[in-house]
Amino acid sequence: MYIVILGGGRVGLSLADRLIIHGYDVTIIESNEDLCDQATEELDAMIICGNGTDTKTLEEANIEEADVFVATTGNDESNLLSCILVKEYTDGQIIARVSNPDHEEAFKKVGIDKVISPERTAAGFLEKIITRPNVADLTAFGAGNAEILDMTIKNPKVFGKRVSEFSPTKDYIIISRNKDNHELEIPQPDDILNSGDKISILVKRNAFEKAEKKFMGAGGLFGF
């Protein structure tokens, strides 16, 4: 899978490092020369020092071949414009970071697949710490050795099978299911899993890919 990341700052570098560890082919576009030099030293990836809102830069990154494009800069305007341009080149998934939560709706209106607001996420987490501390602690389950993954079931081998055939295991457990956009359910052993069911899984860090492939097929979380 080929992934293009706009932004070589803290978020972009961290994301690229994680993706490279998982074997993905990554290109970073960054306009700041110092950040480009840092990325070149730290990552086994193609680094393009240029403007991600410039079509020539996007073409240099072979954007038409990208399975996923992620805009991670702290500038909402740059992220939005780059995503709009990328939509003209590829049918791949487009993901954008939004610094100002008030801008989320604008991103969604232009058809960006996923919009991530770290500020809104952080605020929600802090709210949980205050109002439901025991629930918030779950994010640090196993001293940080496990996390909750949200995904949509896409693997045909899972369709029509009971929850008990897949969960729990020593590596993960299905903790919730949302079927046909209805209310969230706590899955029971005899419940049947179907295409499009949205599930949340508590999974050990070293079993992320195993869980992704089990329920989403060979393409994993990005669905390719």
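How do the residues of the lining of the second largest pocket divide into nonpolar, polar and charged? In this predicted model, the lining comprises 2 nonpolar residues, 9 polar residues and 1 charged residue.

**The pocket**

The second largest pocket has a volume of about 160 Å³. Its lining is formed by Leu6, Ile29, Glu30, Ser31, Gly50, Asn51, Gly52, Thr53, Thr73, Gly74, Asn75 and Ser78.

**The chain as a whole**

The protein chain consists of 224 residues, of which 39% count as buried. Its secondary structure includes 9 helices and 11 strands. Contacts between residues at least 6 apart in sequence may also be considered: 57% of them join residues at least 24 apart.

Strand S2 takes in residues 25-30. Is S2 largely enclosed or largely open? Because 5 of its 6 residues are buried, S2 is largely enclosed by the rest of the structure. The chain reaches S2 from S1 by way of helix H1 (residues 10-21), and this β-α-β crossover is right-handed. A right-handed β-α-β unit is also made by S2, helix H2 (residues 33-42) and S3.

Strand S2 is joined both to S1 (residues 2-6) and to S3 (residues 46-49). The table sets out the two pairings.

| Strand pair | Bridges | Direction | Residues that stand opposite |
|---|---|---|---|
| S1 and S2 | 5 bridges | parallel | Ile3 and Val26 |
| S2 and S3 | 4 bridges | parallel | Ile28 and Ile47 |

Helix H3 spans residues 55-60 and contains Thr57. Is Thr57 buried or exposed? The relative accessible area of Thr57 is 8%, and the cut-off for a buried residue is under 20%, so Thr57 is buried.

How values were computed. Residues numbered from 1 in each chain as written. Predicted model: local features only at pLDDT ≥ 70, side-chain atom pairs only at ≥ 80, totals over all residues. Heavy atoms only, no water. 1 Å grid on protein atoms, 1.4 Å probe; cavity = no way out; pocket = protein on both sides within 12 Å on 5 of 7 lines; lining within 4 Å. Points joined across faces, edges and corners; volume = space filled by probe spheres on them. Nonpolar A, V, L, I, M, F, W, Y, C, P; charged D, E, K, R; others polar. Helix = DSSP H or I, 4+ residues; strand = E, 2+ residues; numbered from the N terminus. Buried < 20%, exposed > 50% of the residue type's maximum accessible area, 1.4 Å probe, protein only. Pairing = 2+ DSSP bridges. Right-handed = clockwise from strand over helix to strand, strands pointing away. Contact = heavy atoms within 4.5 Å.
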